[in-house]
Amino acid sequence: MSGSHTHDGDFDEARAREVIGAHAGLEGATLPILHALQAEFGYVDRRCTALIAEALNVSKADVHGVGSFYHDFRHAPPGKHVLKLCRAEACQANGADALVDRLAFAHGRKCGATDGPLTIDNVYCLGNCALGPAALLDGEPVGRLDAGKIDAIVRRCTGGAP
């Protein structure tokens, strides 16, 4: 996620219409519009489906199909902190699955969900295989993750909450 978005989840329909309008003339505009909306707001609000369909003269089902096919689009505001945990083969071989289990069982946090100030996303290769298990925390690479590092990340991002 890049851009000027805030993490407070405020949706501004007028601003969404501006973003959509700025990209509506592109060939295959649905995907660039979705990316631009996520960059602007931090997520793609469900209300945008109808706005995009109207602007592109396509069905809402077409827009929904594109938005739901690509897993990078979130449909609710992210937490203040975003942990992208690599789940590709090299990181799995180095213990990523145990870290996912630790997040779930020790911290009650699920990959692919936002819980308070922390969003945890699954990603499939960060290109940091030599330092796996790897992650990005708020866009910064973190390598050689283990239980202690995961615990520290959760504490830091949640103010000490589990």
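Begin by selecting D45 and R47: the two form a salt bridge, and their closest N and O atoms are 2.8 Å apart. The model is a predicted one. With a relative accessible area of 9%, D45 counts as buried, since the limit for that class is under 20%.

**The salt bridges**

Keep the charged side chains displayed.

Select D121 and R74 next. Their side chains meet in a salt bridge, at 2.6 Å from N to O. This pair links distant parts of the chain: D121 belongs to strand β3 (residues 118-123), while R74 lies in the loop between α4 (60-69) and β1 (81-86), and 47 residues separate the two. Both D121 and R74 are buried.

Move on to D115 and R109. Here too there is a salt bridge, with the closest N and O atoms 3.3 Å apart. The two partners can be coloured by accessibility: D115 is partly exposed, at a relative accessible area of 38%, whereas R109 is buried, at 7%.

Now display E13, R17 and E54 together, which are linked in a network of salt bridges. Of this group, E54 is found in helix α3 (residues 48-56). Is E54 buried or exposed? Its relative accessible area is 57%, so E54 is classed as exposed. For a sense of distance, draw a line from the C-alpha of E54 to the C-alpha of E89: the two residues are 35 apart in sequence and 41 Å apart in space.

**The whole chain**

Zoom out and switch to a cartoon view. The chain has seven helices and five strands. Followed from the N terminus, its elements run α-α-α-α-β-α-α-β-β-β-β-α. Along the principal axes, the C-alpha atoms fill a box of roughly 50 × 30 × 25 Å. The chain comprises 162 residues, of which 40% count as buried. Among contacts with a separation of 6 or more, 65% are between residues 24 or more positions apart.

**The sheet**

Select the strands. Five of them make an open sheet in the order β2-β3-β1-β4-β5, with mixed pairing. At the edges are β2 (113-115) and β5 (140-142), each of which pairs on one side only. On average, neighbouring strands of the sheet are turned by 25° against each other, direction ignored.

Centre the view on β1. Five of its six residues are buried, so β1 is largely enclosed by the rest of the structure. Which strand pairs with β1 in the parallel sense? The partner is β3, and the pairing extends over six bridges. To see one of the paired positions, select C86, whose bridge partner in β3 is V123.

Then turn to strand β4 (residues 135-137), which pairs with β1 in the antiparallel sense over three bridges. Selecting L83 shows a position that stands opposite L137 in β4.

**Helix α7**

The last stop is helix α7 (residues 147-158), where D151 has its place. The helix has 12 residues and reaches 16 Å from its first C-alpha to its last, close to the 16 Å expected at 1.5 Å a residue.

Show the side chains of I150, D151, I153, V154, C157 and T158, which are buried in α7. Why do these residues lie on the same side of α7? They cover an arc of only 160° around the axis, which puts them on the same side of the helix.

Finally, select D151 alone. Its relative accessible area is 12%, and therefore D151 is counted as buried. With neighbours within four places in sequence left aside, D151 is in contact with R102 and H107.

Key: Residues numbered from 1 in each chain as written. Predicted model: local features only at pLDDT ≥ 70, side-chain atom pairs only at ≥ 80, totals over all residues. Heavy atoms only, no water. Salt bridge = Lys/Arg side-chain N within 4 Å of Asp/Glu carboxyl O. Buried < 20%, exposed > 50% of the residue type's maximum accessible area, 1.4 Å probe, protein only. Helix = DSSP H or I, 4+ residues; strand = E, 2+ residues; numbered from the N terminus. Pairing = 2+ DSSP bridges. Axes fitted to C-alpha atoms, helices over the stretch in contact; angles between N-to-C directions. Contact = heavy atoms within 4.5 Å. Expected span 1.5 Å × (residues − 1). Arc of directions from axis to C-beta.
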